[in-house]
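Subject: A structure for you to explore

Hi there,

Here is the structure I promised to pass on to you. Have a look around it first, and then read my notes below.

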Amino acid sequence: MCYAVPVIVFIDDVSGNVSKQWNKHHVVYASNANLPREMIEKEFSVKFVSSSPHASPIELAKAVCDSINSAAQNGVEAWDCKYDEEVLLLPYGFFFGGENPMQAEECSHNGLGCNLFCRTCKVGGTKAHKASEEGFLELFSEGPLRTPHETEAEIQRQLSMSVLPGAQSKVDSACQATGVWDSGLHSIIHTLIEMGKQLWKAQPDNSQASEDAIRKQLETELDRLLQPHSVDDWINPLLGLAGVNIHMDTPTEILHTVLLGVVKDFWGQTVHIIEKAKSLALLEARMESLAVHGLNLPALVPAYICHYCGGLIGNHFKSLAQVMAFLIHDLVPQDVLDGWNVIGELVVLLWHTSIEDREVYLACFILFYGVALSHCCCRPIYLGPFKTFSISLQNVHQAFSSPSQNSTS
């Protein structure tokens, strides 16, 4: 018997120290996506794969991809204790988890500062376009989806630019315009650009013969830097992993996007209003008297929350999102209260453990997140993850939509 095993891969940066001093390590964990939700979230279901203070995330991902490809090709023999027989396991990449900046690197994307700021689609444009009424409205609709093949072609194009005159501006412009940036080839491109600058400085004239000679010299240096591998071996291996579309298979991480993003920002604005009205003590007293028995929440610890209001963590914001509307109804303007009502609805949607009607869920999510963004001045830092999240939900809906299947969990 053969079993397909979908593997969830999580790549992140953590501190290697027990103390609070930051000692950056990149780590890789893996989980079996076949496990039920109640089991997959337990610590013993998350397996350590690798860790390094020196290797980059893409270098670690290369080793992970090689392992998955090898195991998928040859299979992994195991014993099925339930049916008392030998089985063959065939693993494949399911999705890649992590924080939004890490997932952008996994997609060979340069982040939210680019014109096309979403790692999943090509929504966006120049600053002038996004500031226009038409461009702003486009930010809330799906752009053409990115594909690994197109991303790889753009990386190849940027590499070819690195041997041309004015390579620095050409590569920077291409990166800003397309959002594509590959960390695996970055060091090689940077070396060629710096070498080209020195060679052009040493040339007294700008003749065609000089340009051809410099270009040939840079191409020779490129071949030397790539050895003993080819260009394909240096490019992000996740773009070519079988069965994975890395642009679609990096689901948005909601802790930093929502709790430490939208909710934290709105909490800061609300506390500023309450402190200005000298009502923070009243807010603390109301928290103390709040009955939270039916909310399945940890203790709120009002004294800590109000005293360290600028240093709260995700669990605090998850709790506050559900109760703030009851605490501040007469302490803030109506639009702020409306914002907390929307955030409360949004947080409940995000932590659903089962979805009965995907169409209704998707429509509600897009509505509530859009309204929540509007209350937070629609900061661009949240638009990229919002686009990725909404597109992922829509594609999950399309993949599972059928007359015979009405729910998923």
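**What I found**

At 5% relative accessibility, C306 counts as buried; here buried means under 20% relative accessible area, exposed means over 50%, and partly exposed is in between, using a 1.4 Å probe and protein chains only. Before going on, please note that this is a predicted model, in which local features need pLDDT of at least 70 and side-chain atom pairs count only at pLDDT 80 or more, while totals for chains, interfaces and linings use all residues. Residues are numbered from 1 along each chain as its sequence is written, and side-chain values use heavy atoms, with hydrogens and water left out.

**Cysteines**

How many disulfides are there? The count comes to zero, where a disulfide is a pair of cysteine sulfur atoms within 2.5 Å. For C306, the nearest cysteine sulfur belongs to C309 and is 7.4 Å away, and C306 is in no disulfide. As background, a disulfide is a covalent bond between the sulfur atoms of two cysteines. C65 is another buried residue, with a relative accessible area of 3%.

**The whole chain**

The protein chain has 17 helices and five strands. Both are DSSP runs numbered from the N terminus: helices are H or I with at least four residues, and strands are E with at least two. Of its 409 residues, 44% count as buried. Contact means heavy atoms within 4.5 Å. Among contacts between residues at least 6 apart in sequence, 64% join residues at least 24 apart.

Which residues of helix α12 (residues 280–289) are buried? They are L280, L283, R286 and M287. These four cover an arc of only 120° around the axis, so they sit on the same side of α12; the arc is that of the directions from the helix axis to the C-beta atoms. On the face turned away from that buried side you will find the exposed residues A281, E288 and S289. The cover over the buried residues of α12 includes α11 (254–276), α13 (302–307) and α14 (314–327).

**Two nonpolar cores**

A nonpolar core is a set of buried Ala, Val, Leu, Ile, Met, Phe, Trp, Tyr and Cys residues joined through side-chain atoms within 4.5 Å. The largest one here has 44 residues, and V263, W267, I328, W340 and I343 touch the most other members. The elements that give two or more residues to this core are α11, α12, α13, α14, α15 (334–350) and α16 (358–375). Another core, of 40 residues, lies apart from the largest one, and I68, A174, L185 and I214 are among its members. In soluble globular proteins, nonpolar side chains tend to be buried together.

**Salt bridges**

The structure holds eight salt bridges, each being a side-chain nitrogen of Lys or Arg within 4 Å of a carboxyl oxygen of Asp or Glu. Here are three to look up:

- K197 and E194 meet at 3.4 Å, N to O. They are three residues apart in helix α8 (residues 183–201), so about one helical turn separates them. K197 is partly exposed at 36%, and E194 is partly exposed at 29%.
- R215 pairs with E219, with the closest N and O atoms 3.4 Å apart. Because they are four residues apart in helix α9 (residues 208–226), about one helical turn lies between them. R215 is partly exposed at 37%, and E219 is partly exposed at 34%.
- E221 pairs with R224, with the closest N and O atoms 2.6 Å apart. These two are three residues apart in helix α9, again separated by about one helical turn. E221 is buried at 15%, whereas R224 is exposed at 52%.

**Aromatic pairs**

There are four aromatic pairs. Rings of Phe, Tyr and Trp (its six-membered ring) pair if their centres lie within 6.5 Å; planes under 30 degrees apart count as stacked, over 60 as edge-to-face and the rest as tilted. In one of the pairs, the rings of Y29 and F48 have centres 6.1 Å apart and planes at 70°, so this pair is edge-to-face. Y29 is in strand β2 (residues 24–32) and F48 is in strand β3 (residues 47–52), 19 residues apart, so the pair links distant parts of the chain. Y29 is partly exposed at 28%, and F48 is exposed at 53%.

Enjoy exploring!
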